[in-house]
Amino acid sequence: MVEHLVEMRDITKVFPGVVALDDVSFACEAGEVHAVVGENGAGKSTLMKILAGVYQPDAGEILIDGHPVRITSPHEAQRLGIGIIYQELNLLPDMTIAENVFLGREPRGTFGIVDSRKLEQQAHNVLRRLGVDIDPHLRLARLSVAQAQMVEIAKALSLDARLVIMDEPSATLGGRDLEYLFDVIRALKQQGVGVVYISHRIAEIFRIADRVTVFKDGKTVGTQDVSQIDRPTLVRMMIGRMLSEAFPRRGGAPGEEVLRVEHLTCKGRLDDVSLKVRRGEIVGIAGLVGAGRTELAEAIFGARPLDGGEVFIQGVKVKIPSPRHALARKLGFLTEDRNEGGLVLGLSVRENVALPSLDRRQQAGFVDQRIERQVVTSIAQDLSIRTPSLAQDVENLSGGNRQKVVLAKWLVSGPDLLIFDEPTRGIDVGAKEEIWNLMRTLADQGKAVLMISSELLEIIGMSDRIAVFHRGRVVGEMPAGTATEEAVMMLATYGEAHDG
Amino acid sequence: MMDETVRSTRGADRWSRFVDEHRELLTVSAVLLALVVIAVFAAPNFSSSRNLFNVLRQAVALGLVSVGQTAAILVGGIDLSVGATISLVGVYTTGLMANYTSPGAVVLIVLAMILLALVIGFTNSLVITRLQVAPFIATMGVGAIVQGLVLLYAKRPGGKIAPGWDFFAEGKIGPVPFPVLFLLVFVVLTGLYLRRTATGRHIVATGGSEMIARLSGIVTWRVISYAYMFSTFMAALSGLYLTSRLGAGDPLMGGLAYDRYDLDSITAVLIGGTRLGGGKGGVAGTIIGVLIVSVLNNIFNLTGVNPYMQWVIKGLIFIGAVAIYATRRPKGRS
């Protein structure tokens, strides 16, 4: 029997409301770069977090060099030689770069006193390996997002791990930084380290990976040698069919203008952004994390003070100083994080849906239950929210149904414009298609839709028009028909169209 | 990928960086200075050496417990059991010293009190990390249990202290009161502990983000237990000091009867710039916070402010201190 560096056999992991991993097997060899792809919520991050000791599997086993192991904590994972670079930056802003890199593994002298000189020297060395020249004394809060990402990578490298997992390390990197990262990956490979590389960018996989495993709906679709497949095949594996078949057909000619912003500026976040959205139209907002997409939505919605610029609704110049005013102007905003910004998990479906419009259904200070029930029931049917009853607490629903509840909540007030921030993040594929269809239906009914998304496939598949953000500016607009993944990515990464 | 702003860290920039990174410490120092100036003018007796030493002696009791409280707040929690711990230590110490007065017995009593305090701190951390009870509630509950046990044992002030034990509070080394030196030693050691040792940094890191600390391989429940045990350890020292100062024990000495060490220590720590919620701060600020609270108490007493009015004013300062830092707290990255 062949011994793999790391092998995961028949892993199952269930979270309340969703089977994150269903009998998944996965292996990575020494000296291999193994790409892992799949949509958000496909289970790849969950699998890696099991390797990193963050989650415990409900079933299945993990072997390292053929020996079964139990990875009970992140501490244990480090001891076993597994390093992970997390998607969200796991760095403390008030600590220095050196302290962050070696957090939990500080070189110590007598009395557990940290050897600061050694700490900084080692941090400097690791950063050098990455081709980064930053003073390790600096506090993290002073770094840019890309720099912080490099520190995060340095942190994982400093472990001298046998297996390095990279969960979308390139999400905030472009240009030279990305090349450095690839150099590091090649060097790791030469040293016999196994690298698991999770990414959304298909082009990268063909550049750096030896093998690729595709995840979908908590299962593996298959593992292939990268040299054996081409891009359309990989995309088909990811979404289960050709790209064009997964999304609803596009809208017809757009109607009158609903929202126009001119020269919107928020210091350090948005820089002279102008944009318009018309009835019947879905405008996709693409860009890297931190490019100002969510900030734009917040600025429009009155949740972020403006330093300059104007907002027009149906051609009339308006001021929206708070979300309450935005509601009155018939705007709706489905935030990125449904659980924190969108829903009260401990309340029922009905109560959640009715929340923003309660004021208008009061009788002597009490909410009119009968009308509330009628309104909510009818919307829940329109959206086909699947719940045993409307009295069910939202926390028991799946991600897709939660998103529908958020949508219902906004639809009650009859908005003209809906802003979706990452509408299908963390939702399984079947539910994604439902959300996509709903968005298109809403547009067809004459609503204007602004959709922020990090998923290029979604941006390209759904949008009638695409605006690409780069460092707080709109660097390009393109009609969806002609946009390609590469073109959008180039603009988002470099701020200009670019070859290679 | 480097831009110039980050590279140039010389000369005038270094000074501005120093100001930038110690802004809170400099601010509270200025507040303390202003308060002292006010005191000198408002209360003529303030600047007498007798009164100043008195302020310092008072500051030691609050200082010791606040140094411990700093760790509890830094790790992301809060310790509301320190008052009860002080009462417990005070009552048991004087109860035992009434019967056993040999130097050997005193050493044993002190060790036993410290052990007892460590058990209380460890219990706090277990309730927080294992039972997942919020620190506020956990330490308040444990504190109530401890206070109840104290009152079961002793209903009113009593006990005695061993001969020579009063040196702790009243003794001098050269011209300097011994307790001031004692506090100073612990401030320095704690400062080094929190900034220079791995465990100390793990306390700060865990307070910054327990998740990040855990993902970095830090065994966070252990770090949390160190912080709470340190907090009650310092409370025990404070209790021991108070027995020396008062010459007797009192079942309410850490809480309702005299100063309210729970609230006062938290106030001192927060005024000192340690962030409520953890991850930032340290003992240097705490000591300035302690001096501010102590000078304020002294001004109240010298000018004869109604004790209940003092509560009202201190409550306002407490809320103010938290509010200033809360509203200035930087927003996270989007």
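## Parallel pairing in the chain A sheet

Strand E3 (residues 33-37) and strand E8 (residues 194-198) of chain A run parallel and are joined by four bridges. Within this pairing, Val33(A) has Val195(A) of E8(A) as its bridge partner. The model described here is predicted.

Both strands belong to an open sheet of six strands in chain A, ordered E6-E7-E8-E3-E9-E10, with mixed pairing. Strand E6 (82-85) and strand E10 (219-225) of chain A form the edges, each pairing on one side only. On average, neighbouring strands of this sheet are turned by 15° against each other, direction ignored.

## Helices on the sheet

Helix H1 (residues 44-51) of chain A lies across E3, E6, strand E7 (163-167), E8 and strand E9 (211-216) of chain A. The direction of H1(A) is at about 145° to E7(A). Helix H5 (residues 145-157) of chain A also packs on the sheet, where it touches E6 and E7 of chain A. The direction of H5(A) makes about 175° with that of E6(A).

## Domains of chain A

Chain A is divided into domain 1, spanning 6-245, and domain 2, spanning 253-494. The centres of these two domains of chain A, taken over C-alpha atoms, are separated by 32 Å.

## A covered helix in chain B

Helix H10 (residues 198-208) of chain B is mostly covered, with 11 of its 11 residues buried. Among them are Arg201(B), His202(B), Ile203(B) and Val204(B).

The cover over the buried residues of H10(B) includes elements from both chains: helix H3 (97-101) of chain A, and helix H4 (49-74), helix H9 (178-196), helix H11 (210-215) and helix H12 (220-246) of chain B.

Key:
Residues numbered from 1 in each chain as written. Chains lettered and ligands numbered in written order. Predicted model: local features only at pLDDT ≥ 70, side-chain atom pairs only at ≥ 80, totals over all residues. Domains from an automatic or database assignment. Buried ≥ 20, exposed ≤ 12 C-beta atoms within 10 Å, placed from the backbone. Helix = DSSP H or I, 4+ residues; strand = E, 2+ residues; numbered from the N terminus. Contact = placed C-beta atoms within 7 Å. Pairing = 2+ DSSP bridges. Axes fitted to C-alpha atoms, helices over the stretch in contact; angles between N-to-C directions.
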